[in-house]
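Here is a friendly note to read beside the model. Please keep the 3D view open and find each part as we come to it.

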Amino acid sequence: MFSTIYSGAVCGLQAYLIRVEVDLAGGLPAFLMVGSLGSEVRESRERVCVAMKNSGFQIPTGHITVNLAPADRRKDGTAFDLPIAIGLLQDMELLKEDAVKDTLFLGELGLNGEIKKAKGVLPIVREATRRGIHRVIVPRENALEAAVIPGVTVWGVGNLGELFTALLHPGEDEEKIYRPRVCPEDLLKCSGGDRRGDFREVAGQESARRGALIAAAGFHNLLMMGPPGVGKSMIAGRIPGILPPLTLEESLEVTSIYSVAGLLPPEQALITERPFYAPHQNVTLAALIGGGATVPRPGMVSLAHRGVLFLDELPQFQRVVLDSMRQPLEERRVQIARSAGLITYPSDFMLVAAMNPCPCGYYPDRNKCRCTQPQIDKYLGKVSGPLLDRIDLCVELQPVDILHLQENGSGESSEEMREKIGAARKMQEKRYAGTDYRFNGDVSSADAEKYCVLGTEEKKVMGQMYHTLALSARAYHRILKTARTIADLEGYGEITKDHLLEAACYRPSEEYWN
């Protein structure tokens, strides 16, 4: 007997369908699996045999061959256990072909027949729907994320025995099959909002609050410098709360990344809040950028996609780790090469970094700072010029005055800042309608002049700043984009000299890096 069962796999975020071909024939007992298989897939043989035995199915003695097609693409993971078992049940004439027609199966089998959670379900179901499959059968834990894709019937199942009964006798034991109904738009509307704190709790630091407002409005990268205890981490943690809400397409992108990484929280269909990641200074290159022995997994730059990546104590990170972020910051994606091929993950995140001006943290206050100039130079030298060029805004924070502490709660709230950002965002939506851009910070250097048009007087000002500040071409374009965001916040259709001058003030201070 021969059967074909549909399943799926992912390479990066790209999903593709797999045909699980199972042949049961006479001959010497054997269980062969072919099709460019990873170690987890080869182990399916033992899991499937024991799971079927413990679920009450006796596999007949014979020559079993399983082929995962297309054979030229490597298969990894454990989600092929369930389709292999279903193929065997069909070959054993326990299931008819109509019972599995136009159906995709995903799931890992436990030795007791339990169907366990799989990775990458959302992008696989999305691709299956595009290819005309009308029903997907997934582990119960993955049912909600699969159900966010319209036009497909989702069955969430807990074990092999229950699934067999449901396929054999449709309509019976329906209470054992989980059929979720999910409306993604309602999930986004019902999002509880960000709970990381309110900007009203930040005492003083008007320049840093202004920098955070501009950065959030245009999705620009931000660097905060200042001594310990002035509120750098506090401000960074509140930035996601003033960013525009995730759109449905952005939410699906972020959820797909979490699904592939196996990090989607239980009982959650979608990621509805912008991600916020704050890795430790000892983070490795593979953990930050992504990696793995065979098929690379998403790193933190991808898990922070459409959200915020916060690097506290920036110079404490390894130099090679920081410099590896140049490509993600510039191209909004990360490419990882392995023997299995080139994997691309999106990494369109907002970088927020914080650092002290010297190892002890108190430079240039020589009453407190005891660092020598070589120590300061070595400390600051860990942050390379090319990385600084990719940071749009740099703000300096000073110790908070006692009056500001006593008046805590009198500043602008996160809600008020969101309203300003929302108005600026509407201007950007209109400006970039029909393009791949969403924010001013997304605009490439090639298109910066097109969307950041300057008048004659403004061109003269930029020319003077270009020579006086010895700007690179990248820094020049980033000032233009920052000025465009400042103009949007103030409701201006054109960029003025004041906007350019304010944007230039957010360049890294010459006192530290020159």
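1. **Ground rules.** This is a predicted model, in which local features need pLDDT of at least 70 and side-chain atom pairs count only at pLDDT 80 or more, while totals for chains, interfaces and linings use all residues. Residues are numbered from 1 along each chain as its sequence is written, and side-chain values use heavy atoms, with hydrogens and water left out.

2. **The whole chain.** The protein chain holds 23 helices and 18 strands. Helices (H or I, at least four residues) and strands (E, at least two) are DSSP runs, numbered from the N terminus. The C-alpha trace spans about 85 × 45 × 45 Å along its principal axes. Of the 514 residues, 53% count as buried; buried means under 20% relative accessible area, exposed over 50%, and partly exposed in between, using a 1.4 Å probe and protein chains only. Among contacts (heavy atoms within 4.5 Å) with a separation of 6 or more, 74% are between residues 24 or more positions apart.

3. **An open sheet.** Which strands build the open sheet, and in what order? There are 5 strands, in the order β11-β14-β17-β10-β18, and the pairing is parallel. The edge strands are β11 and β18 (393–396), each of which pairs on one side only. Two strands pair if DSSP finds at least two bridges between them. As background, strands of a sheet pair through backbone hydrogen bonds, either parallel or antiparallel.

4. **Partners across the sheet.** Strand β10 (residues 222–225) pairs with β17 in the parallel sense over 4 bridges, and methionine 225 stands opposite methionine 355 in β17. Strand β14 (residues 308–311) also runs parallel to β17, joined by 4 bridges; here phenylalanine 310 stands opposite valine 352. Further along, 4 bridges join β10 to β18, again parallel, with leucine 223 opposite cysteine 394 in β18.

5. **The strand β17.** Is β17 enclosed or open to the outside? 6 of its 6 residues are buried, so β17 is largely enclosed by the rest of the structure. In a regular strand the side chains alternate between the two faces of the sheet. Both faces of β17 are covered: Met350, Val352 and Ala354 are buried on one side, and Leu351, Ala353 and Met355 are buried on the other.

6. Now look at helix α3 (residues 81–91) and helix α6 (residues 160–168), which pack at an angle of about 50 degrees with their axes 12 Å apart. Axes are lines fitted to C-alpha atoms, for helices over the stretch in contact, and angles run from 0 to 180 degrees between N-to-C directions. The two helices are therefore oblique to each other: angles under 35 degrees count as roughly parallel, over 145 as roughly antiparallel, 65 to 115 as roughly perpendicular, and the rest as oblique. The crossing of α3 past α6 is right-handed, meaning that the near helix is turned clockwise from the far one by less than a right angle.

7. Leu82, Ala85, Ile86 and Leu89 in α3 meet Leu160, Leu163, Phe164 and Leu167 in α6. By class, this contact has 8 nonpolar, no polar and no charged residues. Ala, Val, Leu, Ile, Met, Phe, Trp, Tyr, Cys and Pro count as nonpolar, Asp, Glu, Lys and Arg as charged, and the others, Gly among them, as polar.

8. **Backbone spots worth a check.** Most residues other than glycine have a negative phi, and most peptide bonds are trans. The bond from alanine 69 to proline 70 is cis, with omega near 5 degrees, and proline 70 lies in the loop between β4 (63–69) and α3.

9. **Two positive phi values.** Glutamate 267 has a positive phi of about 60 degrees although it is not a glycine, and its place is the loop between α10 (248–261) and β11 (276–277). Arginine 332 has a positive phi near 60 degrees, in the loop between α14 (326–331) and β15 (333–338). Which of these residues is buried and which is exposed? Glutamate 267 counts as exposed at 64% relative accessibility, whereas arginine 332 is buried at 15% relative accessible area.
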